[in-house]
Amino acid sequence: MTRRRRPSPSHPRRAVAPHFTREGRPKTPYRTQAEAAGAAQLAWTLHRAELDTYRCDYCHQWHIGKRFRDE
Ligand SMILES: [Zn+2]
């Protein structure tokens with residue numbers, strides 16, 4: 001039996017923002033950058049959506065999304 005530790009809820013929200021969609025749902029995790037890139041390519045083909053791939057600090061997998069601007 002494995003227990004999963006929940007991350008502390010006191011995390012600043014912006015620190016985990018790249019892990020969530022704008023609706024607040026967790027994004028699809030990809031195990032490799034190549035998988036994420038494939039999904040981004042598909043989004044471009046279907047929707048002309050220009051998406052970046054990035055490594056998530058929260059779950060340590062890859063997501064696709066618009067690049068975050070942090071000024
Ligand atoms: Zn993540």
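The model is predicted: local features need pLDDT of at least 70, side-chain atom pairs count only at pLDDT 80 or more, and totals for chains, interfaces and linings use all residues. Residues are numbered from 1 along each chain as its sequence is written. The chain holds two helices and two strands. Their order along the sequence is α-α-β-β. Helices (H or I, at least four residues) and strands (E, at least two) are DSSP runs, numbered from the N terminus.

**Confidence**

- pLDDT is the predictor's confidence in each residue, from 0 to 100.
- The chain average is 84, and 76% of the residues score at least 70.
- Helix H1 (residues 13-16) has the lowest confidence, with a mean of 63.
- Helix H2 has the highest, at 97.
- Where pLDDT is low, the predicted coordinates should not be read in detail.

**Burial and contacts overall**

- A residue counts as buried if 20 or more other C-beta atoms lie within 10 Å of its own, exposed if 12 or fewer, and partly exposed in between; C-beta atoms are placed from the backbone.
- Buried residues account for 10% of the 71 residues in the chain.
- Two residues are in contact if their C-beta atoms, placed from the backbone, lie within 7 Å.
- Of the contacts between residues at least 6 apart in sequence, 49% join residues at least 24 apart.

- H2 spans residues 33-47, which is 15 residues.
- The expected span is 1.5 Å times one less than the number of residues.
- A nonpolar core is a set of buried Ala, Val, Leu, Ile, Met, Phe, Trp, Tyr and Cys residues joined through C-beta atoms within 7 Å.
- The largest such core has five residues: Tyr30, Ala36, Ala40, Trp62 and Ile64. H2 and E2 each supply at least two residues of this core.
- Ala36 lies in helix H2. Ala36 is buried because 24 other C-beta atoms lie within 10 Å.
- Beyond its neighbours within four places in sequence, Ala36 contacts Tyr30, Thr53, Trp62, His63 and Ile64.
- Ala36 and Thr53 are 17 residues apart in sequence, yet their C-alpha atoms are 6.1 Å apart.
- Tyr30 touches Glu35, Ala36, Ala39, Gln61, Trp62 and His63, leaving out residues up to four places away in sequence.

- E1 covers residues 52-55, and E2 covers 62-65.
- The two strands run antiparallel and are joined by four bridges. Strands pair if DSSP finds at least two bridges between them.
- Asp52 stands opposite Gly65 in E2. Tyr54 has His63 in E2 as its bridge partner.
- In a regular strand the side chains alternate between the two faces of the sheet.
- E2 is covered on both faces: Trp62 and Ile64 are buried on one side, His63 and Gly65 on the other.
- Arg55 belongs to strand E1. Arg55 is partly exposed because 13 other C-beta atoms lie within 10 Å.
- Arg55 and Gln33 are 22 residues apart in sequence and 7.8 Å apart, C-alpha to C-alpha.

**Loops and positive phi**

- Most residues other than glycine have a negative phi, and most peptide bonds are trans.
- His60 has a positive phi of about 60 degrees, although it is not a glycine. The hairpin in which His60 sits has six residues between the strands.
- His60 is exposed because it has 9 other C-beta atoms within 10 Å.
- Arg48 also has a positive phi, near 55 degrees, and is a residue other than glycine. Its position is just after H2, in the loop between H2 and E1.
- Arg48 is exposed because it has 7 other C-beta atoms within 10 Å.
- Thr21 is in the loop between H1 and H2. Thr21 is exposed because it has 12 other C-beta atoms within 10 Å.
- Thr21 and Gly65 are 44 residues apart along the chain, with their C-alpha atoms separated by 8.6 Å.
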